[in-house]
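Dear colleague,

I am handing over the structure we spoke about, together with notes on what I found in it. Please read the notes with the structure open beside them.

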Amino acid sequence: MAAAPLRVLACGDVEGRLEAIFGRVRAIQAKSGRFDMLLCVGNFFGSTSEAEWAEYCTGAKKAPIPTYVLGANNQDTLSYFPDISGCELAENITYLGRRGVYSGCSGLQIAYLSGTEAQQQPAPAHSFSAKDVAELKTSLLSTPNFRGVDILLTSPWPRDVGTFANSAGEIDTKKCGSKLVSDLAASLKPRYHFAALEKAYYERLPYRNHMVLQETPQHVTRFIALADVGNTGKKKYLYAFSIVPMSSMDPAELVKQPQDVTENPYRKLRKEAPKSKAPLSAEEEPACQFFFDLNKHQGKKRPSDGKERGDSQPKQAKKPPQPTGPCWFCLASPEVEKHLVVSIGTHCYLALAKGGLSPDHVLILPIGHYQSVVDLSSEVLEEVTKYKAALKEFFRSKGKRYVLFERNYRSQHLQLQVAQPGTPYFYVELDTGEKLFHRIRGRFPLQFGREVLASEALLAQPQRADWRQCAAQRPEEAAQARAFRREFEPFDFSLRD
């Protein structure tokens, strides 16, 4: 029998407004039923906490549910935390401690780090140092079969959390927050990471904790920053969610990737840190063999933090729509035929076509789920353009020309586009720069592009108009992909510094 999910509330800076937060919790429970716990990040106490706090200390008032809080972030509130290692502050209110892991009887694992990043040594009592982070990491990473924690609680945001993600509004994630927290999040791989202090609400798109096709699939992380309680801007300060402890989940269910998943914002940190890969299972060995040729180029990939473009801030990632059914082209999808992949960029990838018109018939595809070019965010569109330019040079070096075409009609996933969102169309682009566009207003043959190119007037191979008549056996397809990858390698920008 599957474990019942825990119902959890997470809260931003309370700043001493105890009646406000606990009153809100009572109202939520009256409407939606009981929650198991309240997790508070940021400043739990404020400059005017004493009067309200006294009522809880004496037992005159009681928190409505078990409440777990982080420690002081400044000198002024240190006195509220009598024991640095953690203690009960009042009935139903527990200070977790300076750093550590809280494990409940349900198996839920909550890692926590109190304070802000120290700017001096020795670190003040309200700050954490690199040593604190290293010791917390070691205590968990040394655990046999460690896969990650369920929840990570920190007061500061992780630096660079907005890389590859949706906009954080007025918060500059390249300057805000702590690099040590980024390092901690990259190592502990929490399923949920909560932070505060910036008086802003930000729910980042989920990010993956593995390199696609190069590492064993892992669960995603959701970062949520919460605003301060009772803020006048009515920014969200309380977040409700249900979670089944990782230890009780089916492994296949745990590693499922949502369609809007992004790259890991701390990928640069992960590359720099020494790491040992978990052995792959037998059924994953073909993927490992497939990437043998690519693995020798690890460390030569271009930086993925936006610096190669001279950007000072991360671009906003546009959230892709959900597919209406299984998608054969989303890279994280189990349906994708990974042995056909020949190049992987940051936002797009290149794959040989299944049953191609020729041995070098390739597809340019976004890693995430997009229906058309019109739906692409700017950074994805930029990488599509890079792949087009690389293919143009590649084919010219072989004395060949290319024709690029896309059909936005009865299709889920982009294979290339240009028009109003939702408009059915057929688009052709020649390597001379000429572009042909036809808006589809009625029925349209799905294999029109292939039929034209396979006709006697062009490739003179009409029998190849239907890809199903051209599909080869998997070993042959894999061999063709390896051959194309070797030839394309000098033109593949994703392998350059």
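Which residues does D36 touch, not counting residues up to four places away in sequence? The answer is L6, R7 and P66, where contact means heavy atoms within 4.5 Å.

Before I go further, a word on the source: this is a predicted model, in which local features need pLDDT of at least 70 and side-chain atom pairs count only at pLDDT 80 or more, while totals for chains, interfaces and linings use all residues. Residues are numbered from 1 along each chain as its sequence is written, and side-chain values use heavy atoms, with hydrogens and water left out.

To stay with D36 for a moment, this residue is found in the loop between α1 and β2, helices (H or I, at least four residues) and strands (E, at least two) being DSSP runs numbered from the N terminus. D36 counts as partly exposed because its relative accessibility is 37%; buried means under 20% relative accessible area, exposed over 50%, and partly exposed in between, with a 1.4 Å probe and protein chains only. D36 and P5 are 31 residues apart in sequence, and their C-alpha atoms are 9.9 Å apart in space.

As for the chain as a whole, the protein chain has eleven helices and 21 strands, and buried residues make up 51% of its 497 residues. Of the contacts in the protein chain with a separation of 6 or more, 72% are between residues 24 or more positions apart. The accessible surface of the protein chain comes to about 23,600 Å², of which 52% belongs to carbon and sulfur atoms; such areas come from the Shrake-Rupley method with a 1.4 Å probe, and for residues only the protein chains shown count as cover.

The largest nonpolar core has 29 residues, of which C11, I21, L38, W53, L89 and I93 touch the most other members; a nonpolar core is a set of buried Ala, Val, Leu, Ile, Met, Phe, Trp, Tyr and Cys residues joined through side-chain atoms within 4.5 Å. Two or more residues of this core come from each of β1 (6-11), α1 (18-32), β2 (37-40), α2 (50-57), β4 (87-90) and β5 (93-95), and the largest share, five residues, comes from α1. Leaving aside its neighbours within four places in sequence, I93 is in contact with F22, F44, W53, Y56, A63, T67, V69 and E88. Apart from this core lies another, of 27 residues, among them L152, A200, Y202 and Y207.

Turning to the aromatic residues, the count comes to 23 aromatic pairs, where rings of Phe, Tyr and Trp (its six-membered ring) pair if their centres lie within 6.5 Å, and planes under 30 degrees apart count as stacked, over 60 as edge-to-face and the rest as tilted. W157 and Y202 form a stacked pair, 5.7 Å centre to centre with 15° between the planes. This pair links distant parts of the chain, with W157 in the loop between β10 (151-154) and α4 (179-188) and Y202 in strand β12 (residues 202-203), 45 residues apart, and both W157 and Y202 are buried. The pair of F394 and F488 is edge-to-face, because the ring centres are 5.5 Å apart and the planes are at 90°. F394 lies in helix α9 (residues 378-397) and F488 in helix α11 (residues 474-488), 94 residues apart, and this pair too links distant parts of the chain. F394 is buried, with a relative accessible area of 1%, and F488 counts as buried at 1% relative accessibility. Ring pairs also link F44, F45, W53, Y80, F81 and Y95 into a cluster.

The peptide bond from Q121 to P122 is cis, with omega near 0°, and P122 is placed in the loop between β8 (116-117) and β9 (127-128). E15, although not a glycine, has a positive phi of about 50°; this residue is in the loop between β1 and α1. A search of the whole structure finds zero disulfides, a disulfide being a pair of cysteine sulfur atoms within 2.5 Å. For C40, the nearest cysteine sulfur is that of C11, 4.7 Å away.

With best regards
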